[in-house]
Amino acid sequence: MDMETPIRILVVDDEPDIRNILRILLTSRGYAVEETENGRKAVELVRAQPDFDLIIMDIMMPDLNGIDACGQIRALSVAPVLFLTAKAQDVDKSEAYHSGGDDYLVKPFSNHELFLRVESLVRRYRVYKGKGDAPTVIDALEISRERGTVCKNGVPIEMTKTEFELLQYLIENRGQAVATRKLYENVWHEKFMPSSANTVMVHILKLRKKLEDDPANPTLIRTVWGKGYQID
């Protein structure tokens, strides 16, 4: 990664030990790190210095939590927000994404996983900053809604129009399980019939074969029994 122009990261967490660990890890990779202890101060920092390349933020904090802080920051900056938190319920993930968050990492996490998320988000932001066609990044995938393209590890993946629309609809509802009926009616735009469930299942299987490292044990598109399908 080109470090001639320092990449600036804001770390927001009410636990000093967490902030210290993140500062040590990130500065070891050449990032310039600033830190603060709550959401309100984070908003003030971004208002004063809107040129951060990434914001890493806890959710549960005093004064102003990460979800509400992210919503306010979105009015000031388009820098990606990586939520780093112990809250791992689906409803928490859904709130995080709907507030304008870009990614979600659950504590405890590995250093390797942290660096992968940080590098991916920073790379996307540096390339697409100020443009409207920034792709959605999920692990090794980059999905561009504007272009209708999907890449995995930088390699384009051929997809049908229906497959892409199905994937995009799951991403739009990221963090929550989407019922098969809802998927069919919003992607195929037809009335749901008993046979429609099989149509959705077949297309989900095709997506998994193209996108998952191990389609038999999917980690991207999960089946939530009794509820539907979900991308975290």
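**Faces, sheets and rings in a predicted model**

Q: Which exposed residues does the face of α2 turned away from its buried side carry?
A: That face of α2 carries the exposed residues Arg47 and Ala48. The structure considered here is a predicted model.

Q: What are the buried residues of helix α2, and what do they pack against?
A: In helix α2, residues 39-48, the buried residues are Gly39, Ala42, Val43, Leu45 and Val46. They cover an arc of only 165° around the axis, and this puts them on the same side of α2. Their packing partners are β1 (8-12), β2 (32-36), β3 (54-57) and α3 (66-73).

Q: What makes the approach of Asn38 to Arg40 a polar contact?
A: At the start of α2, a side-chain oxygen of Asn38 comes to within 3.1 Å of the backbone nitrogen of Arg40. The cut-off for a pair of N or O atoms is 3.5 Å, and the pair therefore lies inside this limit.

Q: How do you know that the buried residues of α3 line one face of the helix?
A: The residues in question are Gly66, Ile67, Ala69, Cys70 and Ile73. Viewed down the axis of α3, they fall within an arc of 165°, so they line one face of the helix. As a general rule, an α-helix has 3.6 residues a turn, so residues three or four places apart point the same way.

Q: What covers the buried residues of α3, and which side-chain oxygen stands at the start of this helix?
A: The cover includes α2, β3, β4 (81-85) and α4 (90-98). At the start of α3, the side-chain oxygen belongs to Asn65, and it reaches to within 3.0 Å of the backbone nitrogen of Ile67.

Q: What makes both faces of β3 count as covered?
A: On one side of β3 stand Leu54 and Ile56, on the other Ile55 and Met57, and all of these are buried. In a regular strand, the side chains alternate between the two faces of the sheet.

Q: Why is β3 said to pair with β1 and with β4?
A: A pair of strands needs at least two bridges. Leu10 has Ile55 in β3 as its bridge partner, while Ile56 stands opposite Leu82 in β4.

Q: Why are β6 and β9 said to stand at the edges of their sheet?
A: The open sheet has four strands in the order β6-β7-β8-β9, with antiparallel pairing. β6 (136-138) and β9 (155-156) each have a single partner strand, so one side of each is left without a neighbour in the sheet. β6 is joined by three bridges to β7 (residues 141-144), and Thr136 has Ile143 in β7 as its bridge partner. Helix α6 (residues 161-172) lies across β6, β7 and β8 (149-152), at about 100° to β7.

Q: Why is the pair of Tyr184 and Trp188 called stacked?
A: Two aromatic pairs are found in a search of the whole structure. The ring centres of Tyr184 and Trp188 lie 5.2 Å apart and their planes stand at 15°. Planes under 30 degrees apart count as stacked, so this pair is stacked.

Q: What makes the pair of Tyr184 and Phe192 edge-to-face?
A: Here the centres are 6.1 Å apart and the planes stand at 80°. Angles over 60 degrees count as edge-to-face, and the pair is therefore edge-to-face. Ring pairs link Tyr184, Trp188 and Phe192 into a cluster.

Q: Why are Tyr184 and Phe192 called buried?
A: Buried means under 20% relative accessible area. Tyr184 has 7% and Phe192 has 16%, so both are buried.

Q: Why is Glu113 called partly exposed?
A: Glu113, found in helix α5 (residues 111-128), has a relative accessibility of 29%. This value lies between the limits of 20% and 50%, so Glu113 counts as partly exposed.

Notes:
Residues numbered from 1 in each chain as written. Predicted model: local features only at pLDDT ≥ 70, side-chain atom pairs only at ≥ 80, totals over all residues. Heavy atoms only, no water. Helix = DSSP H or I, 4+ residues; strand = E, 2+ residues; numbered from the N terminus. Contact = heavy atoms within 4.5 Å. Axes fitted to C-alpha atoms, helices over the stretch in contact; angles between N-to-C directions. Buried < 20%, exposed > 50% of the residue type's maximum accessible area, 1.4 Å probe, protein only. Arc of directions from axis to C-beta. Polar contact = N/O pair within 3.5 Å; in protein donor to acceptor, adjacent residues only side chain to side chain. Phe/Tyr/Trp six-rings, centres within 6.5 Å; stacked < 30°, edge-to-face > 60°.
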